[in-house]
Amino acid sequence: SGSKPLVISTWNHGIPANAEAWKILSTGGKSIDAVEKGVMIPEGDPEVRSVGYGGYPDRDGHVTLDASIMDYNMDTGAVCFLEGIKHPINVARLVMDKTPHVMLSGEGALQFALEQGFKTENLLTEKSKKDWEEWKKKSDYKPVINIENHDTIGMLAIDEKGRVAGACTTSGASWKMHGRVGDSPIVGAGLFVDGEVGGATATGLGEAVIRTAGSAIVVELMRNGMSPFDACKEATHRIYKQHKGRPEFDYLQVGFIAINKHGEYGSYSLRKGFNYAVFDEKGGNRMEDAVYYYE
Ligand code: SD4
């Protein structure tokens, strides 16, 4: 018993992002436009510390951005390791709409953005710079669960016509190595949509999600008949099994959200602490806590 239109997105900043997306969905607009406009809200908010402007930098002090967008019909675009652009999701959208490619990285992505009329800005706020200087004193790379991998926004929407689309954007893991790319811009890892089935997006330790083709697996499990909740749960359990005993297991957190083409949704996370925002006609815009595997 699903509902259309519907939009869901990761973490507390999903609420204002959903509200923005809803303006488009509730007036008969396309889900692809809704997700692009929606995720721009946390991208532009300096208080959101792992997306776009105000995000934590890498260990060399650079804020580097990853973003992807995907439509129901396999149209997709992404940028990774992009610096100085406040809304990487807009650049990802133009990679999709205006180039023969699906991903541009680093300087090439920046060159394309500048050609398209984007302006560069300093994205490292004073606050994030201070935190980085503090971090450098110890330089310990051990992400704090649900905090330093907390703020990626992944959003999925289905419009009145039943078209599913998704977007995902982040400044990635705090204090990552310069040049590190996470799961968020990688189609099949941080985001995957197949209009015949539905879509999924991930948050948490990107390395674990890439290794396991996380979002693609969730969608494939739904294709084979699972509900969004069961698919997120199965993919998360698989990540647990595949990472038990690995050095990063101590700080491993992964969460998925998913929707199917009927407008049903679900979520699951490895550890406690992951929540997501849901907006539909009946229930309005609200937060829900993900079911988790263990505390
Ligand atoms: C990454 N998955 O770059 C991202 C970080 C994240 O919520 O999800 N934060 O690994």
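User: What does helix H7 (residues 214-223) pack against, and how many of its residues are buried?

Analyst: The model is predicted.

The buried positions are Gly214, Ser215, Ile217, Val218, Val219, Leu221 and Met222.

The contact with H8 can be described in detail. Two packed helices are described by the angle between their axes and the distance between the axes. For H7 and helix H8 (residues 228-243), the angle is about 135° and the axes are 8 Å apart. An angle over 145 degrees would count as roughly antiparallel; H7 and H8 are therefore oblique to each other. The crossing of H7 with H8 is right-handed. On the H7 side, the contact is made by Gly214, Ile217, Val218, Leu221 and Met222; on the H8 side, by Pro228, Ala231, Cys232, Glu234, Ala235 and Ile239. By type, these residues are nine nonpolar, one polar and one charged.

Ala213, in the loop between H6 and H7, has a phi of about 50° although it is not a glycine. Ala213 counts as partly exposed, with 16 C-beta neighbours inside 10 Å. Just after H7, Gly225 takes a positive phi of about 115°.

In soluble globular proteins, nonpolar side chains tend to be buried together. Here the largest nonpolar core has 87 residues, and Val218 is among those with the most contacts inside it, along with Val79 and Ala157. Leaving aside residues up to four places away in sequence, Ala157 touches Pro5, Leu6, Val7, Ala21, Leu25, Ser31, Ala34, Val35 and Ala165. One of these, Pro5, is joined to Lys4 by a cis peptide bond, with omega about -5°, and sits in the segment before strand S1 (6-10).

Helix H1 (residues 14-25) and helix H2 (residues 31-43) have axes that come within 7 Å and cross at roughly 150°. That makes H1 roughly antiparallel to H2. H1 also passes H2 in a right-handed crossing. The H1 side of this contact includes Ala21 and Leu25, and the H2 side includes Ser31, Ala34 and Val35. The residues of the contact divide into ten nonpolar, three polar and three charged.

Helix H3 (residues 88-98) is another mostly covered helix, with nine of its eleven residues buried. Its buried residues, among them Ile89, Val91, Leu94 and Met96, pack against H2, strand S2 (64-70), strand S3 (76-83), strand S4 (103-105), helix H4 (106-115) and strand S6 (164-170).

Met74 is a further residue with positive phi, about 80°, that is not a glycine. Met74 lies in the loop between S2 and S3 and is exposed, with 11 other C-beta atoms within 10 Å.

Definitions and conventions
Residues are numbered from 1 along each chain as its sequence is written. This is a predicted model: local features need pLDDT of at least 70, side-chain atom pairs count only at pLDDT 80 or more; totals for chains, interfaces and linings use all residues. Axes are lines fitted to C-alpha atoms, for helices over the stretch in contact, and angles run from 0 to 180 degrees between N-to-C directions. Helices (H or I, at least four residues) and strands (E, at least two) are DSSP runs, numbered from the N terminus. Angles under 35 degrees count as roughly parallel, over 145 as roughly antiparallel, 65 to 115 as roughly perpendicular and the rest as oblique. A crossing is left-handed if the near helix is turned anticlockwise from the far one by less than a right angle, and right-handed if clockwise. Two residues are in contact if their C-beta atoms, placed from the backbone, lie within 7 Å. Ala, Val, Leu, Ile, Met, Phe, Trp, Tyr, Cys and Pro count as nonpolar, Asp, Glu, Lys and Arg as charged, and the others, Gly among them, as polar. A residue is buried if 20 or more other C-beta atoms lie within 10 Å of its own, exposed if 12 or fewer, and partly exposed in between; C-beta atoms are placed from the backbone. A nonpolar core is a set of buried Ala, Val, Leu, Ile, Met, Phe, Trp, Tyr and Cys residues joined through C-beta atoms within 7 Å.
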